[in-house]
Each structure stands twice: as C-alpha cells, then as structure tokens.
Amino acid sequence: MDDDLKPKRIQWTLFFAGAAALAAVPFWLAFARPFGGTAMLVAMFVWLLVYMAYVYVGSSRLKAGRIGPVMKRYRSRLAVAMMAYFLFLIGSLSLLRGGEITGPLLWIVAAAPAIPILGVLVVMGLYLKEEPDEFERMIHVEAMLWGLGAVLGVSTVWGFLSNAGVVPSPPLFLVFPLFCLAWGFSQPIIRRRYQ
Amino acid sequence: MKNRLKVLRAERDWSQADLAEKLQVSRQTINALETGKYDPSLPLAFKIARLFEQPIEAIFLDEA
C-alpha cells in the first residue's frame, strides 16, 4: 500500500548528481573564465535555461504528481524572477561596459541585477506563507537554516583566509546561489530523518 | 509521539494517499505522522480528530 512512498533512491541519486554537476558549471565559468564579454553572458544564460529545465522536468517526473498547487505557483514565480535576473544582468553589464554612466544613475544601473534576486527572496517568503502543509513548510524552513549555516560557515572561513591573503576576497554575489544550493541539497537529508 | 493513525486508517481501509487527500497534506506528511517522527500542530491534530470522530487523546498517546 505504501510502496509508492519508498524513495526511488537510485533515480534520486542520479538526479542530484546531475544537478550538482550542472550547478558547478557557473562557478567554473566565474573562476576559470573560458569566455569573455558577451559569450560569457550567453553561456550563463544557456546554463540557466538548461539548469531550470533539468530541475523542473527531473523533479516533476520523480515526484510523479506529488507537487502541490502552491509549489507549482512558487516554481513559476521563481522561473519568471530568474529570467528577469538574467535580462537585468545583461542590461546592467552592457550599460556599465560603456563607462559613460556616472552619479546616481550608476548606482541604479549597478544595483539593478539585485532587484530580481530580492524578488526571489519575496517569492520564497510567499511560498512559506502560502504552503498549507505544515510538515512541508517545516522541512523548507529547516533546509533554509542549513542554507544559512552553509553561507555563514563558508564566508567566515573564506573571510579569514582572505585576511591572510591566501585567497582572493570573497565574491559576495555568490552567497545567494550558495544558500540556494545548500537549501536544495539538504532537503533529502532532512526528509530522510522523518521517514 | 506514538499514535494510532495507522490502525485507524487501516480500519477504514484508506491508503496513505487517501488520508493525505482528506487532510489536504502530502503523503510524506502522513508517513511522518504515522511513524511518530513528526508531531502535528494543534489545528492539524483537531482536523485529524474530526475526521476519525475521536478525541485527540484517543489518537495521540500521552506518554508523560
């Protein structure tokens, strides 16, 4: 009767291995810099589309209809926010490259890519507010705490290392993706404890 | 916290999915409740009590 609840371990493991490999790509792009300028932006955008499609299709298939309406709404909102982020990012970077913008407009253009990311925070908050299943909500809150722990841990260690000049100063814009990764990858571990 | 959810569900011949649908939660939530690894909030406990037409203390066992 409860066979359908038994985790499809191998499929999930493969799915997460694939997601981890894909998630490493932007970090590699940011540090190794195999492309420059516009090619880099196109590469990042293609990566985003591939990653979103992979996670969306893969998790939908593995969960086989177990995704509630609130989670569906969260996923569509998130997709919109991420698309907006890349458009804002491309716009902002190409305007900044011209080097003609100064004064208050420079502040606005430079900070523009952060606006959709703040939107993602709101989307996450709305999900927690709208989720009717208290257990699901608790799992996500716990996973977010793991994300917070990962961010605090990594940035503290990195901070001290960069103080000593061992590593370059931490790229702060990667703090949010790190939070999201730790949030996502901690979920199966948390869920296992309640099985 | 120990509870009689699995027994009550079996008596009615409901699957975990059936109970999940009646309570508007996920099957994983039902599983976590039945194994006693997750204790429901008071509103959810009352909802369960209403569904099974039994008082909360007849469903969830006080071990204190």
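What we have is a predicted model, where local features need pLDDT of at least 70, side-chain atom pairs count only at pLDDT 80 or more, and totals for chains, interfaces and linings use all residues. Residues are numbered from 1 along each chain as its sequence is written, while chains are lettered from A and ligands numbered from 1 in the order in which they are written.

So, chain A. Its secondary structure is seven helices and zero strands; helices here are DSSP runs of H or I with at least four residues, strands are E runs of at least two, and both are numbered from the N terminus. Read from the N terminus, that gives α-α-α-α-α-α-α. The C-alpha trace spans about 65 × 40 × 30 Å along its principal axes. Of the 195 residues in chain A, 6% are buried. By buried I mean 20 or more other C-beta atoms within 10 Å of the residue's own, exposed is 12 or fewer, and partly exposed is in between, with the C-beta atoms placed from the backbone.

Contacts next. Two residues are in contact if their C-beta atoms, placed from the backbone, lie within 7 Å. Taking the contacts in chain A with a separation of 6 or more, 69% are between residues 24 or more positions apart.

Now the domains, with bounds that come from an automatic or database domain assignment. Chain A gets domain 1 (1-67), domain 2 (68-127) and domain 3 (133-195). What does the domain 1 side of its contact with domain 2 consist of, by class? It has six nonpolar residues, no polar and no charged. For the classes, Ala, Val, Leu, Ile, Met, Phe, Trp, Tyr, Cys and Pro are nonpolar, Asp, Glu, Lys and Arg are charged, and the others, Gly among them, are polar. Those six residues of domain 1 are in contact with nine residues of domain 2, and the C-alpha centres of the two domains lie 21 Å apart.

Let's zoom in on helix packing. Helix α2 of chain A, residues 37-63, packs on α3(A) at about 175°, with the axes 11 Å apart. Axes are lines fitted to C-alpha atoms, for helices over the stretch in contact, and angles run from 0 to 180 degrees between N-to-C directions. So α2(A) and α3(A) are roughly antiparallel, a label for angles over 145 degrees; under 35 is roughly parallel, 65 to 115 roughly perpendicular, and the rest oblique. On the α2(A) side, the contact includes A:Phe45 and A:Met52, and on the α3(A) side A:Phe86 and A:Ile90 are among the residues. The whole contact has ten nonpolar residues, no polar and one charged.

Helix α3(A), residues 69-98, also meets α5(A), residues 114-130: the axes come within 8 Å and cross at roughly 175°. That makes this pair roughly antiparallel too. By class, this contact has 13 nonpolar, one polar and two charged residues. Among them are A:Tyr74 and A:Phe88 from α3(A), with A:Val123 and A:Tyr127 from α5(A).

On to chain B. 13 residues of chain A are in contact with 14 residues of chain B. On the chain A side, the largest share, three residues, comes from helix α6 (residues 134-163). That side divides into five nonpolar, two polar and six charged.

And the largest nonpolar core? A nonpolar core is a set of buried Ala, Val, Leu, Ile, Met, Phe, Trp, Tyr and Cys residues joined through C-beta atoms within 7 Å. The largest has 15 residues, and those with the most contacts inside it are A:Phe135, B:Ile30 and B:Leu33. Elements supplying at least two residues each are α6 and α7 (175-192) of chain A, with α2 (16-23) and α3 (27-34) of chain B. Helix α6(A) gives the most, four residues. Not counting residues up to four places away in sequence, B:Leu33 touches B:Leu5, B:Tyr38 and B:Pro40.

Last stop, loops. Most residues other than glycine have a negative phi. B:Gln24, in the loop between α2 and α3 of chain B, has a positive phi near 55°, and B:Gln24 is exposed, with 12 other C-beta atoms within 10 Å. B:Glu53 has a positive phi near 50° and sits in the loop between α4 (42-52) and α5 (56-59) of chain B.
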